[in-house]
Amino acid sequence: THTAFMKAVASEPALARALHRSYILRVSSDTDSFEFQVSEHLRLSGVYWGACALHLLGELQSLDAAQVVSFVRSCQRGCGGFGGNLGHDAHMLYTLSAVQVLALFGALHTVDAGRVMRYVASLQRPDGSFAGDEWGEVDTRFSYCALCCASLLGKLGDIDVAAAVRYVRACENFDGGYGCEPGGESHAGQVFTCVGALAIGGELGSVRSEELAWWLCERQTPGGGLNGRPQKDADVCYSWWVLSAMCLLRRDGWIDGEALRRFILSCQDEEDGGIADKPGDLPDVFHTFFGIAGLSLLGTDGVPPIDAAHAMPASVMEQLRAEQAAAASEGRPSPPPEFLTFVESAFTSRAEYDRWAAEMEAGREEAEGDRT
């Protein structure tokens, strides 16, 4: 029963909240570390993982909001999409991370939502799938990113949702799982992206819930953790990929939540903070976020609810929907955001900023030309 589960939780090790806060802030500022250098290409996603984890811990105010928002905006390219770092090419993955971070800080109004969505829509293919960037790789991860971006921005009408849903459904396998493309192997990470995409697209009812829930609950290993596919080791990140999909399917009671919680907490670094993929491994911000998010889905350790489809705190989603509803009822057009000044931007040289500003202005002029 739930009561017995919560009594058992009370007797187990607790989430090291203060240590995890300190860990996230430390790795965010230690620019000389090996980990910081090798994660340059996905910095924007790292900001999302860290900021969302801090929000769930009630510590988002520990970050400099203005600095984070200026960094995110400086990662936008002339096409409207966002790169993983300053000067990097735009990609669907980092465009979603940018939108999520801006939503966390209540700063979505600082970017032109229509321009972002023109970039997202430009990557949709005739079969409904989405490419990750201009080079054309197709993956159901990108379908999820597109739908999630559109939903967070309140602009689902800017993409062909029906075609996107048809493509995702075509990636369903005999076991109820989903792959990265039609015929691709079922994988828990892809299951989340596909179930999340279908939920956002209003087609969750098309999922073969019983078969998929059985496949998902079989991802729980004897140690309590969850893996991504048969015969693989448990990994903390699947506490999110698996459990979020099961929550959306309303089958989260099909796994042993107490055992999963013990596994997540066993992966904590109780000296320096952070959560690792497995007990005894070194922590990283990716697994720290997904471990905390898993505890949120379990409803334990005082972690507030998270939206299982958008991977965002439920409180942020509630505020966002309220703001969108108010804007729609008043018929208020969103004013175009102003460019960052060099001082406000994250660029370290005036020449870098000038190149960025010229690219953004060219993109704006091109978009204006398309509308006329």
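Predicted model: local features only at pLDDT ≥ 70, side-chain atom pairs only at ≥ 80, totals over all residues.
At what angle do helix H9 and helix H10 pack, and how far apart are their axes?

## Where H9 meets H10

Helix H9 covers residues 161–170 and helix H10 covers residues 188–200; the two pack at an angle of about 150°, with their axes 10 Å apart. The crossing of this pair is left-handed. On the H9 side the contact is made by Val165, Val168 and Arg169, and on the H10 side by Cys194, Ala197 and Leu198. Sorted by class, that contact has five nonpolar residues, one charged residue and no polar ones.

## Where H4 meets H5

Another helix pair to look at is H4 and H5, whose axes come within 11 Å and cross at roughly 150°. H4 passes H5 in a left-handed crossing. Here H4 brings Arg43, Leu44 and Val47 to the contact, while H5 brings Val68, Phe71 and Val72. The contact of H4 with H5 divides into five nonpolar residues, one charged and no polar.

## The chain as a whole

If you step back, you can count 16 helices and two strands in the chain. The radius of gyration is 20 Å, close to the 21 Å that the globule rule gives for 372 residues, so the chain is as compact as a globular protein of that length. Along its principal axes, the C-alpha trace spans about 60 × 45 × 40 Å.

## The largest pocket

Now for the open spaces. The largest pocket has a volume of about 1200 Å³. It is lined by 40 residues, and the closest to its centre are Val27, Ser28, Ser29, Phe36 and Arg43.

The largest share, seven residues, comes from H2. By class, the lining of the largest pocket divides into 19 nonpolar, twelve polar and nine charged residues.

## The second largest pocket

About 800 Å³ of space lies in the second largest pocket. Of the 27 residues that line this pocket, Leu108, His109, Leu153, Gln324 and Ser334 are the closest to its centre.

Helices H6 (92–104), H7 (113–122) and H15 (314–330) each supply at least two residues of the lining. H15 provides the largest share, with seven residues. The lining of the second largest pocket divides into 16 nonpolar, seven polar and four charged residues.

Definitions and conventions
Residues numbered from 1 in each chain as written. Heavy atoms only, no water. Axes fitted to C-alpha atoms, helices over the stretch in contact; angles between N-to-C directions. Helix = DSSP H or I, 4+ residues; strand = E, 2+ residues; numbered from the N terminus. Left-handed = near helix turned anticlockwise from the far one by under 90°. Contact = heavy atoms within 4.5 Å. Nonpolar A, V, L, I, M, F, W, Y, C, P; charged D, E, K, R; others polar. Rg over C-alpha atoms; globule rule 2.2 N^0.38 Å. 1 Å grid on protein atoms, 1.4 Å probe; cavity = no way out; pocket = protein on both sides within 12 Å on 5 of 7 lines; lining within 4 Å. Points joined across faces, edges and corners; volume = space filled by probe spheres on them.
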